[in-house]
Amino acid sequence: MSRVSSWRGALVLAALVALPALPFMSKFYLLLAFDALLFGAIAMSLDLLIGYTGLVSFGHAAFFGLGAYSTAILLERGVVSLWACLGFAVLVVGLYALLVSYFATARRGIYFALLTLVFAEVVYTFFRYTQTFGGSDGIQGVPPAQLVPGVAIDTPLANYYAVIVYLALAYALCRVLVTSHFGKVLVAIRENEDRARFLGYNVQRYKMAVCMISALLTGVGGALYPGRSAFATPDLMLWTVSGEFIIMVMIGGLGTLGGPIIGGAFFVLLQEQVSSYVDWYFMVIGLVLVFIVLFMPRGLLGFRRMLGFGQWRATA
Amino acid sequence: MDYLVAILLPQLLHGLVFGAALGLLALGLTVIFGLLGVMNFAHGELYMLGAYAGIAVIGVTQSFWVALVVAPLLVGVVGAVTEVATLRPLYRREPLYGLILTFGLALVFREAVRQIWGGDMRRILPPITGSTPLLGMTYPNYRLFLLGASSVLLLAIWLFFTQTRAGIVVRAAVQDAEMLDGLGVDVRRVFTLTFAGSAALAALAGLLLAPVFTVYPQMGVEMILLAFIVVILGGMGSMGGSVVAAVVIGLTQSLFSLWMNPQRVAIAIFGIMIVVLVVRPRGFFGREGVLE
């Protein structure tokens, strides 16, 4: 990783930290910024799978939703420590992801996408119809989590900073991963799975590992969500939400990490902006998606970069 | 015996009726998958468009039967235009782009319908009323018609693919489009017409099932998942497999709902699919190497 890009990263981080100081940053805009960064981070963790490994997960909404439910369940029952919530979410999402990734990574291409989709639908259906967890209403009105006893993360500002910490750590982890040997093997799997196998790599183990990492990052993101919304509903894990995550990655640019963050933020802001003017914003989003696939398949960032470690990296 | 006639038999018939209609939907999906390598996420929306186009045509002509002919043709045209405008530029790209493109198209179609017709649930009245005594029970006539129509259509499609030159060309394109191109067939036209045909089939299924179910903009979202499961179970790209799997899913669903809360049935069906994929990764009739 070049020195230039770490400087740029530090600058972006500083700007994000300073953002709430701007005079027009009301509570509303802080929450919008929270969403933008949270979904940006989730899109980035999905990019590890789609952009770097070439595995299209259509079930990331389940990881997100399970994280959110884990937190909401604990908060509702009076366990308000943020660390307990995060730990529980990691445990729940981790166990589920282990199961999914074991079965899904055994298959390639479209089968992987559909298996993740079907597993996610099982989770969705379970929460949708289990009254213990609120059925279709989900878990509403949970109290805020506490960083340490007595210090609650209960303001939009506190939540905003929590999500920045999450985003920064997740980005650093992903960046280290994709520049490491591990990341290079992932790209090799994407480019030619058989060749990677013949070179002696245990392809399925690599795929499972990257699945787990991506799922856990998404799950932690989900675990932060009830802090902002005070709820967890089954709609968070509808399969169309998984589709939206993929859209975010595509908008930003596959295999760039930074791109999907921008893509996620762009998607959230677009939805917010368009929906405040017209009620047919899904059509706008659909058209934007069609436009991007047809005319800029490398996404917003991809204009400059080739997919993954193409020529751009070779010359950088 | 009473249990058999009063509960089990109608439920079995329900399952068969639903399975046959589901087969129509899954068939279009599996042909497109074999042809373009694209899992068409907008297929459920074409199914939904069929029902709404039916409502529009019925509104003008007051006749379900006219709608049954005109609505699939209209949706077929929509399909052809969509294929030429959006899918054709993607032929040489990775299938992933087609998947995501059709997801975007699905959003556009769903929202367009919601804007035109509103988001409310609608009903289409069955054009055939009354019921027939059958094996000691009475069964609604429309459902019998539905079963008959779906079976005739499935048979017609089978004859098309095995007996006509056009059908054989489509199958050849599924096998090896490049070779077919080399033999002088205009493959792009085959793709467009097949997509239009698959759209028309989905629309037909949508309109046929509309009097049994309700019509609303999200109706495709739920059906498409079942259709995906059918296509996977039957074996990707296997047309016969899709029909068999559709009937199996239809029967399973209606039988399980006798003993389980209907919502749990969904989980049971997902469970069956996962088990099949683990035990027989290529589904019932899948061939080796289809897009793996």
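Visitor: How should I read the numbering and the model?
Guide: Residues count from 1 along each chain as its sequence is written, and chains are lettered from A in the order in which they are written. Because the model is predicted, local features need pLDDT of at least 70 and side-chain atom pairs pLDDT 80 or more, while totals for chains, interfaces and linings use all residues.

Visitor: At what angle do helix 4 and helix 9 of chain A pack?
Guide: Helix 4 (residues 82-104) and helix 9 (residues 203-229) of chain A pack at about 145 degrees, with their axes 8 Å apart; helices here are DSSP runs of H or I with at least four residues, and strands are E runs of at least two. Axes are lines fitted to C-alpha atoms over the stretch in contact, and angles run from 0 to 180 degrees between N-to-C directions.

Visitor: Which residues make the contact?
Guide: Among them are A:Ala89 and A:Val93 of helix 4 and A:Ala215 and A:Gly219 of helix 9, where contact means C-beta atoms, placed from the backbone, within 7 Å.

Visitor: Switching to chain B, how many helices and strands does it have?
Guide: Chain B has 10 helices and two strands, and from the N terminus on its elements run α-α-α-α-β-β-α-α-α-α-α-α.

Visitor: What are the spans of chain B along its principal axes?
Guide: The C-alpha trace of chain B spans about 60 × 50 × 35 Å along those axes.

Methods:
Two residues are in contact if their C-beta atoms, placed from the backbone, lie within 7 Å.
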